[in-house]
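Subject: Structure handover

Hello,

Here is the structure you asked for. Please open it first and then read the notes below it.

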Amino acid sequence: MAKRPILIHPDPRLKAVAEPVGAITDEIRQLGADMLETMYDAPGIGLAAPQVGVLQRVLVMDCVKDETQPPRPMVLVNPEITWSSEEVSTYEEGCLSIPEQYADVERPAEVDVRWTALDGSEQSERFAGLWATCVQHEIDHLNGRLFIDYLKPLRRQMITRKMVKLKREKARA
Ligand SMILES: [Zn+2]
């Protein structure tokens, strides 16, 4: 396994629509393993392939927050939301591609998601709570959408300016 660098907003690759994965190859399995390592190391609870510069529909997540519970690393290939609840919930979201910026985002409280697992099997599950927020945030990434796209333009521009400055400082360092 190897950690991969995480792209920081703004980056055109974070605005692109990712391509569906055709077949579960060794390359895809490696990508999933690398993404999990990168996510845990960050640390974060979710990561989408475009965030490491790979424009394919793959995401990883593990929303187990309780240290006494075993981790649940998940790799979802070609995930699709098949149902969303009318009930909504609001979480303060953050993103590994937009470091240290947080904002409330309202989303459906529960979603059904269908995806392909790394063993090639078709899976589906109903997600609630933090898992539901996380899986929707990551699927948004596969469609070139960031959580700041839900904010008012002024707030979004302010965050983007901060990120431009951060990237400039990083490039100089
Ligand atoms: Zn994100």
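A residue is called buried if 20 or more other C-beta atoms lie within 10 Å of its own, exposed if 12 or fewer do, and partly exposed in between, with C-beta atoms placed from the backbone. His141 is buried, because 22 other C-beta atoms lie within 10 Å.

Two notes on the source come before the rest. This is a predicted model, in which local features need pLDDT of at least 70 and side-chain atom pairs count only at pLDDT 80 or more, while totals for chains, interfaces and linings use all residues. Residues are numbered from 1 along each chain as its sequence is written.

His141 sits in helix 2. Helices (H or I, at least four residues) and strands (E, at least two) are DSSP runs, numbered from the N terminus. Helix 2 covers residues 129-142, which is 14 residues, and spans 21 Å from its first C-alpha to its last, close to the 20 Å expected. The expected span is 1.5 Å times one less than the number of residues. Eleven of the 14 residues of helix 2 are buried, so the helix is largely enclosed by the rest of the structure. Among the buried ones are Trp131, Val135, His137 and Leu142. After helix 2 comes Gly144, with a positive phi near 75 degrees.

An unreviewed UniProt entry puts the feature "binding site" at Cys95, His137 and His141. These three are spread over 47 residues of sequence but cluster in space, with a largest C-alpha distance of 10.2 Å. UniProt positions are given in the numbering used here, feature names are shortened, and annotations may be inferred rather than shown by experiment.

Cys95 belongs to strand 4 (residues 88-95). Cys95 counts as buried because it has 25 C-beta neighbours inside 10 Å. Contact means that the C-beta atoms of two residues, placed from the backbone, lie within 7 Å. Leaving out residues up to four places away in sequence, Cys95 touches Leu146 and Phe147, and His141 touches Ala48, Pro50 and Gln51.

Last, the cores. A nonpolar core is a set of buried Ala, Val, Leu, Ile, Met, Phe, Trp, Tyr and Cys residues joined through C-beta atoms within 7 Å. The largest has 28 residues, and Met35 and Val135 are among those that touch the most other members. Helix 2 gives this core its largest share, six residues. A second, separate core of eight residues includes Leu14, Cys95, Phe147 and Ile148.

Regards
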